[in-house]
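Hi,

Here is the structure I promised to pass on. Have a look at it first, and then read on for my notes.

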Amino acid sequence: MTKLRHAAMFSASALAFAMIAAPAAAQESNESDKVGNPEIVVTAQFREQKLQDTPLAISAVNSEMLEARSQTSVEQVAAQAPNVTLTPQGQQNGSGLIAFIRGVGQTDFNFALEPGVGIYVDDVYIPTLTGSLLDLMDLDRVEVLRGPQGTLSGRNAIGGAIKLFSTKPKGNGKGSLQVAYGSYNRVEVRGYADMALADNLFMRVAGVSKSRDGHVKRLDYGLTHPGSGVKPMGAGSNPLLGTLGGQSYSAGKLSMRWVPTETVEVNVSGDYTRDRSEAGASVLLYYNNPSVNSNGQPWLPSSIDGSAIRGNCAFVPYGVNSCDTLTGYDRKFVSYATFLDQTPATTQSPFKPVAFDPHQWLDNYGVSGTIDIDLSDSLQLKSITAWRHYKSDWAQDVDNSPITNQQLRQTLVNDQWSQELRLNGKVGDLLDFTLGGFYFKRDGTLTARVDLNYAGIDFIHGPDPTPASNKALFANFMLHPVENFNITAGLRHSWDSKDYTFFRRNPDMTVPGVCAFFLGAPTAGPTGIGNAPNCLLVGLNNVSASFDSKRFDWRVAADYRFSPEVMAYAQVATGYRAGGVNPRPFFGPSSPNNQIKTFAPETLISYEAGIKTDLFDRRMRLNISAFLNDYKDIILTLSACPISPCLQPNNIGKAKVKGFEVETLIKPVENFTLDGALSYIDFQYKSFNPGNGSLGALTLNMVTPYTPKWKYSFGAQYDIPDVMGGTVSARFDGSYQSHVYTEAINYDSVAVPAISGPLATYYASNRINSYFLGNARLTWKQQSESPLSVSVEVQNLFNKYYMTSLYEQYASPRTVSGAPGMPRTWAVTLKKDF
């Protein structure tokens, strides 16, 4: 991690020099009076509207709110957004985001599975979970739209949409530089500079560089447990192999704005992100595996007598399933992962040992251009053109032990092109309309070394080409029949197309042959010695499948403003998430258990009503919404099949989902601000599709992953003016979520007899229990045209131990791992506006 930190600090220093050398001045803030709540303008309906005038459930956060809450990454926004769950993907899925809104979302990074929440940066669609864990660099605002946005955001926004909008160049010569240092050797530098190149040409440069040591220690089990039979990894006496969760991240953005005439504006931007972080933080919570292959051969032979080292409670550092004897470390944040498979080679599995570097890398960059043309006083044309590319490369040690029941190294490469055209118009004071078209094309590949000792296979997956496209035509109409009353209608017709080509080869790039076991040879099953390597995968090389569909979505809404303080609305809207092809077949077309299967789109109809208020001279903002969703053909990935191994998406059935959301922002007196949010959701499966033989243990009383029944948050900030020539701001933010499950099949606690070890029973679960997190921040900001500010913050103030995600595979390969959130941390931030 030292090399990573030094590289990031070098990048930080370069960024700091660039920011200081650029023309600079004070950062602007949104204009608002000292007591009333600020107005936030959103563009959810294709045109600028005040948040309080938009008939949708929206959480909107401007740059000032983000800074006050110390929020610098997109997943942090979910803490204050009702019925929204955003969390980093675990080590198994690399650099990405798990996103669920109102019980709809996705956990799988694979190209074959679409996100259930649409994510946009400056109206450019991000099509995968990978690459969507975004830093909030130089943003103007974030809009979180809850409920299906099938006509407004379109593709795969069935649960909602998250939209990030960058600050446009103003040419005002302003800028800022911010430096932070904190726990785990955190070093972070961010800043921007805005300048005029000509009277009508402006440029803005922004950047961020951040590094941090990992909070999970990776220890050499052989050194920390002498006499266990596990061979030490190294010859020295230091048991620390490294850490997990360490960060080394840099990103930059260059934006240009050209205003050649009063009726034309052109915005062009390019951005680049370079992430060279460690493998994601992960700890072992459950291990109950004999750790031998079908012939009884050990995956990890003991150095004492050559017998199998069993995967059991000895390798679980902490929790109910632990019998570990480790001392001198905080066992809640310990892993024994080696990223090394030391299984002795055989003729059936000759490609051992297998070693991976524990890393999580991402290169993500692109360019986009937006052209706005006022064709007349009542007609405007907008064009949004973009190209993006990313390469994500990461390693995974599933069992967090030296035994290695499975480990993978995976590489995703994505190229995308998109074009959107919108024509906004007015017909007098009666009608506003938007007509448009959207084209999206993506080419991607997934390549992986898949080392699955528990399944007896070790192969090269891919590169699997996965081209996809989406075309859409849409229209939106807002009718104003009488004063204060509006009727909105929208529609969108979408066409989706996907292709998937499977390549499965041995690590030496030969093609697997037929299993001798199926030809009558006396072997210990199809993965026993005597079979050809990876013969279970025969018939899966250079095999293609495709999926095509079309979809019509619609929305009807009405809103009425009873007074300047109160507006009510109601709407009915639809959305969909595209289907596709199972990306992980283990049996091909030549097998009676062929797993190359397509799955259909899932659909949703939402009924929603709400009220938006600004009361007491805008001192109190209170927004309330309630919804009922009819959710059909739900896509869930299940591992229950007639023949294992199996991991395939299925349309499992339908559900009714209902709930409510409350958001408030209160300024009871000058210099004091309160904000809060509360949400409730009742997810209820109603039926499962007939003939679906892969439901396994799924029952009607379960819920979709990452869907807490209750969430609440609150914040309090008090500003004390005239303190040493500046203002002192004290702020506390708290957030709570009830328990969630991380898999489609929910397990609170399953008692399993122990295979070995001193414990008689193990308890498997994919439940993350409820938790409350508190953050505090104290800031002094100079009263000046070019203010200096100093902030001290503490995150996770009460040092809560919790998991951000779980990887539950207790049935096979009989492990459960979790990604522990950061413990209590502190940071000091120095910021200078110019």
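Ser73 is in the loop that runs between helix H2 (63–68) and strand E4 (84–88). Bear in mind for this and everything below that the model is predicted. With a relative accessibility of 11%, Ser73 counts as buried, because the cut-off for that is under 20%. Its side chain makes a polar contact with the side chain of Glu75, at 2.5 Å. If you leave aside the neighbours within four places in sequence, Ser73 is in contact with Leu133, Leu134, Asp135 and Leu136.

Leu136 takes us to the nonpolar cores. The largest one has 40 residues, and Leu136 is among those with the most contacts inside it, along with Ile58, Val142, Ile162 and Leu164. Strand E9 (residues 139–146) gives the most to this core, with 4 residues. What does Ile58 touch, leaving aside its neighbours within four places in sequence? On one side of the list are Val42, Ala44 and Leu51, then come Glu143, Val144, Leu145 and Arg146, and finally Glu663. Apart from this core lies another, of 29 residues, including Val104, Tyr631, Ile634 and Tyr741.

Now the aromatics. Searching the whole structure turns up 34 aromatic pairs. Tyr286 belongs to strand E18 (residues 283–287), while Tyr810 is in the loop between strand E48 (803–809) and strand E49 (815–820), so the pair ties together parts that are 524 residues apart in sequence. Are these two tyrosines buried or exposed? Tyr286 is buried, with a relative accessible area of 1%, and Tyr810, at 18%, counts as buried too.

Two spots have a charge over a ring. The charged end of Arg102 sits over the ring of Phe627, 4.1 Å from its centre. Lys163 lies over the face of Tyr120, at 5.3 Å from the ring centre.

Last, the disulfides. How many does the structure hold? There are 2. In one of them, Cys313 and Cys323 have their sulfur atoms 2.1 Å apart. The torsion about the S-S bond of Cys313 and Cys323 is about 80°, so this disulfide is right-handed. Both cysteines are in the loop between E18 and strand E19 (334–335), 10 residues apart. Cys313 is buried, with a relative accessible area of 0%, whereas Cys323 is partly exposed, at 22%.

The other disulfide joins Cys515 to Cys535, with an S to S distance of 2.0 Å. The link of Cys515 and Cys535 is right-handed as well, with 95° about the S-S bond. Cys515 and Cys535 lie in the loop between strand E29 (504–505) and strand E30 (543–563), so the pair ties together parts that are 20 residues apart in sequence. Cys515 counts as buried at 1% relative accessibility, and so does Cys535 at 2%.

That's it from me; over to you.

Cheers

Note on methods: Residues numbered from 1 in each chain as written. Predicted model: local features only at pLDDT ≥ 70, side-chain atom pairs only at ≥ 80, totals over all residues. Heavy atoms only, no water. Core = buried A, V, L, I, M, F, W, Y, C linked by side-chain atoms within 4.5 Å. Buried < 20%, exposed > 50% of the residue type's maximum accessible area, 1.4 Å probe, protein only. Helix = DSSP H or I, 4+ residues; strand = E, 2+ residues; numbered from the N terminus. Contact = heavy atoms within 4.5 Å. Phe/Tyr/Trp six-rings, centres within 6.5 Å; stacked < 30°, edge-to-face > 60°. Lys NZ or Arg CZ within 6 Å of the ring centre and 35° of its normal. Disulfide = S-S within 2.5 Å. Polar contact = N/O pair within 3.5 Å; in protein donor to acceptor, adjacent residues only side chain to side chain.
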